[in-house]
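Here's a quick briefing for anyone opening this structure for the first time. Have a look at it, then read on.

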There are 4 protein chains.
Amino acid sequence: MLAEIKGINEECGVFGIWGHEKAAELTYYGLHSMQHRGQEGAGVVVSDGEELKGHKGLGLVNDVFKSAKFDQLQGPVAIGHVRYSTQGEKAAENVQPLLFRAQTGSMALAHNGNIMNAFKLRGQLEEQGSILQTTSDTEVLAHLIKRDGNSVSEGTIGHALNQMVGAYSYIILTEEKMYAALDPSGIRPLSIGMIGDAYVVASETCAFDQIGATFIRDVLPGELITIDDNGLRSTHFAEQKQRKLCAMEYVYLSRPDSNINYVNVHASRKQMGKVLANEAPADADIVIGVPDSSISAAIGFAEESGLPYEMGILKNRYVGRTFIQPSQELREQGVKMKLSPVRGIIEGKRVIMIDDSIVRGTTCKRIVKMLKAAGAKEVHVRIASPAIQNPCYYGIDMSTREELIAANHTIEEIAEIIGGDSLAYLTEEGLEKAVLADDSFNQGMCTACMTGKYPVKEEEKEISYTSY
Amino acid sequence: MLAEIKGINEECGVFGIWGHEKAAELTYYGLHSMQHRGQEGAGVVVSDGEELKGHKGLGLVNDVFKSAKFDQLQGPVAIGHVRYSTQGEKAAENVQPLLFRAQTGSMALAHNGNIMNAFKLRGQLEEQGSILQTTSDTEVLAHLIKRDGNSVSEGTIGHALNQMVGAYSYIILTEEKMYAALDPSGIRPLSIGMIGDAYVVASETCAFDQIGATFIRDVLPGELITIDDNGLRSTHFAEQKQRKLCAMEYVYLSRPDSNINYVNVHASRKQMGKVLANEAPADADIVIGVPDSSISAAIGFAEESGLPYEMGILKNRYVGRTFIQPSQELREQGVKMKLSPVRGIIEGKRVIMIDDSIVRGTTCKRIVKMLKAAGAKEVHVRIASPAIQNPCYYGIDMSTREELIAANHTIEEIAEIIGGDSLAYLTEEGLEKAVLADDSFNQGMCTACMTGKYPVKEEEKEISYTSY
Amino acid sequence: MLAEIKGINEECGVFGIWGHEKAAELTYYGLHSMQHRGQEGAGVVVSDGEELKGHKGLGLVNDVFKSAKFDQLQGPVAIGHVRYSTQGEKAAENVQPLLFRAQTGSMALAHNGNIMNAFKLRGQLEEQGSILQTTSDTEVLAHLIKRDGNSVSEGTIGHALNQMVGAYSYIILTEEKMYAALDPSGIRPLSIGMIGDAYVVASETCAFDQIGATFIRDVLPGELITIDDNGLRSTHFAEQKQRKLCAMEYVYLSRPDSNINYVNVHASRKQMGKVLANEAPADADIVIGVPDSSISAAIGFAEESGLPYEMGILKNRYVGRTFIQPSQELREQGVKMKLSPVRGIIEGKRVIMIDDSIVRGTTCKRIVKMLKAAGAKEVHVRIASPAIQNPCYYGIDMSTREELIAANHTIEEIAEIIGGDSLAYLTEEGLEKAVLADDSFNQGMCTACMTGKYPVKEEEKEISYTSY
Amino acid sequence: MLAEIKGINEECGVFGIWGHEKAAELTYYGLHSMQHRGQEGAGVVVSDGEELKGHKGLGLVNDVFKSAKFDQLQGPVAIGHVRYSTQGEKAAENVQPLLFRAQTGSMALAHNGNIMNAFKLRGQLEEQGSILQTTSDTEVLAHLIKRDGNSVSEGTIGHALNQMVGAYSYIILTEEKMYAALDPSGIRPLSIGMIGDAYVVASETCAFDQIGATFIRDVLPGELITIDDNGLRSTHFAEQKQRKLCAMEYVYLSRPDSNINYVNVHASRKQMGKVLANEAPADADIVIGVPDSSISAAIGFAEESGLPYEMGILKNRYVGRTFIQPSQELREQGVKMKLSPVRGIIEGKRVIMIDDSIVRGTTCKRIVKMLKAAGAKEVHVRIASPAIQNPCYYGIDMSTREELIAANHTIEEIAEIIGGDSLAYLTEEGLEKAVLADDSFNQGMCTACMTGKYPVKEEEKEISYTSY
């Protein structure tokens, strides 16, 4: 289902490349492939070893760079960022990479994730006389690194990261080096690839495929990667904990062609559909998926159940930012928004409708109603993930607990609210079975929004920090 | 496959509504659902019975109307148009509906199709002192109607249409009436619907679903529909010939949720896939489709063959007008454009790749190469339509015969050129079997681009005209 | 005073050049120097002898051409136009030069003036089956020329012009020739110049100075100039009447550096000021002018009266189209718009304030009030032209008679309304004495708006036309 | 003469208002009247006592605010800024007012002038861990104030200002108070006015006239004004030295209707012309001025000499940012740029041409050549200020000494270079006589660019700072 309708949104994708003649252009294409991770703004900072130069702006990657002149962004090194954000006007200054210049050198930063103690750290910095210009967590890291006039190094970066509590992947660029860091639980994804002799770092592996790079390995939890002309060097700024990769990356955030923690996303979703078909079958004529992110699961469900998979709902490809939303009156007269039912397919059928998740339930309810109006005899809703019952503190912009339908209603109540003839969720065990190859240390998932088991808490971290 | 890559493009979609308080807004949504028929420009003309007012511009419907004020486009009647065109600067004046004002009343026209004798008619008009302002066939019709200072009526419209040779659907609006006309062979689609008491006319039925209207019937070949406050009236300006609906509407032009000549497009494509699976099976592991228009056929092929359907190619949703095409050098290094292979799915597999058609073969070749580079062991190309060997004179912007690969090569040669391990097309009989319910008068297709059997020729028509 | 505030506006300036390698660029500069004649839109049509190509748009010359590529406007011949207009959206299609293409050749037209019988002519054309696309008088001329499929020639142009009643200067361009024509009374200005071997035609001679061309002579009333590679040829399409050049060109329309009918505009204005100083002196300390168009007269008044000329009112150079007009409330609190008083100069002084004309009186009243608020002890208003009491039918967009303050009030009443301590106008004799060197045939002025003596009337012309 | 042609440019104008319901709008109009002080960018920060909100951008005030919504800039307090700058892309972040937010409150700053030791101060701040985001001197002041986490107060502002060496006027805004400060020598202008009960501060008094405010007094050298709801309070952060107001404010920077240090600018310029007429008369027919800034002096020269003042040079009002500069080739053919000679006035005359100053001499040379080409018999150049021979360190963007023609040539050489038949400058004594009412403490001028007598030097200041 559509992130923007549901109210779930992730913040940001990061990209970096070291050692390629066309660094800025490849960063453009890399960001382009991660556009789904953030449509609010985008930016690139390029380095020729002497100077960092940037171009960024509000809007899609295409919009931001349509006026960019790549011949003015020369240099073999670049980092980039796509950003999701909720604010309006202020957003412009928050678009990343943030670029800080000083008389002794420059530093650019790109960040994906969320810092839980950012407000407290910001207050401490201001008490010491620092002036922060943005509301971004990323600027806090820059000030922590530069505190007391420090230079940028593995030591000062590590020391700064250890003061931060949360989920994060960072790419940091100076005239001399590029750094990439992942939080100690590895909640957010971050992978390393190569194209020729050049190193590439990106939030999703689809960025490697986009530019013709080869995947090498994932950055490890608590690891700090340093890349310069001598190659790649690995250090650890924190003890590696069990990996807790955000389950929502599989459920709907990542692109189907990405491999997240070595698992293909489309394949994992198809598998979720197959497991769900076994856990919660239904007597029906056809299986349909809510485009785009539920299509894989619907195909898997159909294949496992032996029912035909059909294109029962169509997504309008041309609904963009400037689409004029129909008024309530016109919606009630039947004017469609982004999704349309394919009446010729639906009419008279008992339909299994696969969706990837339910947050508030309003969209799901609207789709069920639309299918029935198009003539569906029955609509059996099957959700290819466990129910979401808890807020996320690690960078997913989810609704509050009051808005989460599953936090306040039983499955039977939800089925009635959304108007489905039946409703079933994938179980937590089903999700793990579908995604995780084995129970190894590196294959864990953060399922806090479903289970309430939070891998990182602020208090706990503060303690570990003072004892660091 | 992607129309813009292949070089096949249809010109335009038309829409009209009579008798709804929100006529202009519904036209906006109707055009929106037909955006795939033309992305170059869009426009609406609205009537309050006293005055015709218009808003139009270059770009997508959203772009054109983001600055439109619907409260300044009041009136219960509206017509609209989406346009495909190849020209650059001149296009602005050609964007439709064209609106002509005279002291005795106004006339607006919207057109889908192509007039074969437009150049000759234009010359005749100029010899009589007429000044034409656009290069559009539509303006020719306006002058033919108004020649000798005629008023707009069933008679003058019919007389004018009978001078035109080609394929066309027209919607014409005056302060008093709305007219809709279809060429005598019914090559282009045109349907009638209702929403409440209001009449709706549109190129595709998806426009009815979009606005909550109900399909009534198709306009017949040679029929002229007149709508005013007394209701709908049917006359015939020409003898109805056997319907010859453009086969490409099924193959890739129309939206999957439209019914064209009473046949659902997705269902017809799935059926083409099924027939193709029987006509040309292959020993393989998975079936994949080239997004978006070949997905339905791929699902059908998979279902019929018993092989799993997989999402083997991903289309980047964010490649728009401002996307910066990678240089030749970067493409050779592996930078992707609009389509990406899903390596995790493709690698090590024997793949059946379904595409809807081949024009020049360059795109098909690029995709096969891309799949092999992503690790496909074998790629068996199956085309869900017969080979295209002839130019179209009826409104599809296809390559010339020299560029049509199937006009100059055998299937074996094409297979080698595109690099497929095998290649097969759907047969002409297979296409008819998949699409046509029976052989009735109204169910015929124009397959001239595949078979060379042209239903309308200019000379023949000229004769029939003089004998009219 | 400011045309836009007063409600007086002239329509348009025209420019043409034949035989210069940089024809389009020189047209750009020529139009630029005539920007004061029309700020609504601008355009250029260039010819390389084979094809006419144009670039035009809404806005100032600079705005319209900032995106123009002169290397795509190659050719030794060009015509151009700046346009004033009151309409909003429709204006785009009315921007000139109008360019008409036919299979036998193209024609472009640029026009300054007003056709009194345009509505009637338009109706006749439509009755014959012509479709007109704009609301511009210029298009009427094109249709009159092409009626019956005529080619463009001295004969067909002359025949067409003789059907038109009004004041006009026209420049017409085909692939072969350029034509320039002036109405039989020569109400609008039109001059001929040369730059090297190239001929130039323009509404004002300042365009010649702008591009380094030399003035040759004025086009005569009723004359049709034809320019091609054989040089310049003069014919007469109508009998030359006594010249009646619009007096307002001297009063405020033309640029001070132009010579209109062989008289320098600044010098004529200074002379008006001098005559006025003798006709209507006042006991005062300083003389000030309302910028920009009254400065010359004020300098003349000061010089003749022996009083010091001071810069008592300042015009803000940065008040452009996007200036946000202060609300009524803020204006009452003293927020200024385009003009500011120079308090350090005005305070405590008896001021003679020179303005070029009064239309509705509202602006004059506002300025007097402003001067008094800035401390002026007395304000004696002197108008450097006779009172305007009649509407203009020849291309000046003036207020209706109801709005003309001098049509409804005595001088004493007007003085009281505007709040001046005294008020005087230049007499009709004074105006003639200041502008006209002698009483010769060619030196007459149209003073209809002041005197009601209209040199051209529609009925009279209609008669002469039927007897043509 | 034209600042942009000469290469002299001042940086910025500042504005502040406390206690008016329409604070943001009045700031807009105030900035508008000071547009001549900076055309590169503009901004406003408004306060409602709880929050500071801003709107700023590159371009003219009109451009920046055409999309601003004043109903979103509510609050009784505002400050604003217009900026001149030489940089291109980076300028956006340098546009003022700069707005800094912290958890304990916000601070906005607007600045006119130049800080000589800014680079050194910036380095010291960075060594202490501060990160500066702009290249603006203004940000340095913000960091100096907030160093060690200080709050904004008279004490911390004064302490910070005392570390700065140069010429400056500052306006600083917090949620609680507005501060205005002037450097100890009062090199830049800064005045206080009132509108109703509201206090206004502005670089030029023309801003008061623009909004209907009344002038109260100038801010004194070394004075720090604090305004809050209790009224206005004056303190001194530094000992007041003799006022050294920049002479160029009179010569050409300020608007003619402003009073600078209690002297009207137009009157002072007219007086310079009168003194010059006595110091350096010439035998000639007419006196002309180079628009706009030399017009006042030319009128004075004419009045004193008894020669007629004429409009001999016209400035094109429509030459804006997007004006396409004529190529060298076209310029040589006589295509004019911003200034045109009025041939009808100049031809055959002995001309005295008044200009306000000469920097490199190239513009002056071009104008003399243009006048001769228009037929002037003789051109006697009279400059209404002393020769410029030294660079400015206090905020005027002047050419380097190598480029200053008067630093490298005698008057006779310059006369020959520019092609004048004679040349004379106003003497230093003449300038003082024209501008200064008496020799009092407050009436001094900085004439360093003419005389080399710099009132503030960096070393000297550094000493005074350490002894603070």
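In this predicted model, the C-alpha centres of domain 1 of chain A and domain 2 of chain A sit 34 Å apart. The domain assignment runs domain 1 over 3-241 and domain 2 over 263-432 of chain A.

**Where the chains meet**

- On chain A, 48 residues are in contact with 48 residues of chain B.
- Several helices of chain A each put at least two residues into the side that touches chain B: α2 (23-33), α3 (61-65), α8 (206-211), α10 (265-279), α11 (295-305) and α13 (343-346).
- Top of the list is α2(A), which gives the largest share of that side, 5 residues.
- Sorted by class, the side of chain A that touches chain B comes out at 21 nonpolar, 17 polar and 10 charged residues.

**A closer look at Cys12(A)**

- An unreviewed UniProt entry carries the annotation "active site" for Cys12(A).
- You'll find Cys12(A) in the loop that links α1 (3-6) and β1 (13-18) of chain A.
- Is Cys12(A) buried or exposed? It counts as buried, because it has 26 C-beta neighbours inside 10 Å, and the cut-off for buried is 20 or more.
- Setting aside neighbours within four places in sequence, Cys12(A) is in contact with Arg37(A), Gly38(A), His81(A), Val82(A), Arg83(A), Tyr84(A), His111(A) and Asn112(A).

Notes. Residues are numbered from 1 along each chain as its sequence is written. Chains are lettered from A and ligands numbered from 1 in the order in which they are written. This is a predicted model: local features need pLDDT of at least 70, side-chain atom pairs count only at pLDDT 80 or more; totals for chains, interfaces and linings use all residues. Domain bounds come from an automatic or database domain assignment. Two residues are in contact if their C-beta atoms, placed from the backbone, lie within 7 Å. Helices (H or I, at least four residues) and strands (E, at least two) are DSSP runs, numbered from the N terminus. Ala, Val, Leu, Ile, Met, Phe, Trp, Tyr, Cys and Pro count as nonpolar, Asp, Glu, Lys and Arg as charged, and the others, Gly among them, as polar. UniProt positions are given in the numbering used here, feature names are shortened, and annotations may be inferred rather than shown by experiment. A residue is buried if 20 or more other C-beta atoms lie within 10 Å of its own, exposed if 12 or fewer, and partly exposed in between; C-beta atoms are placed from the backbone.
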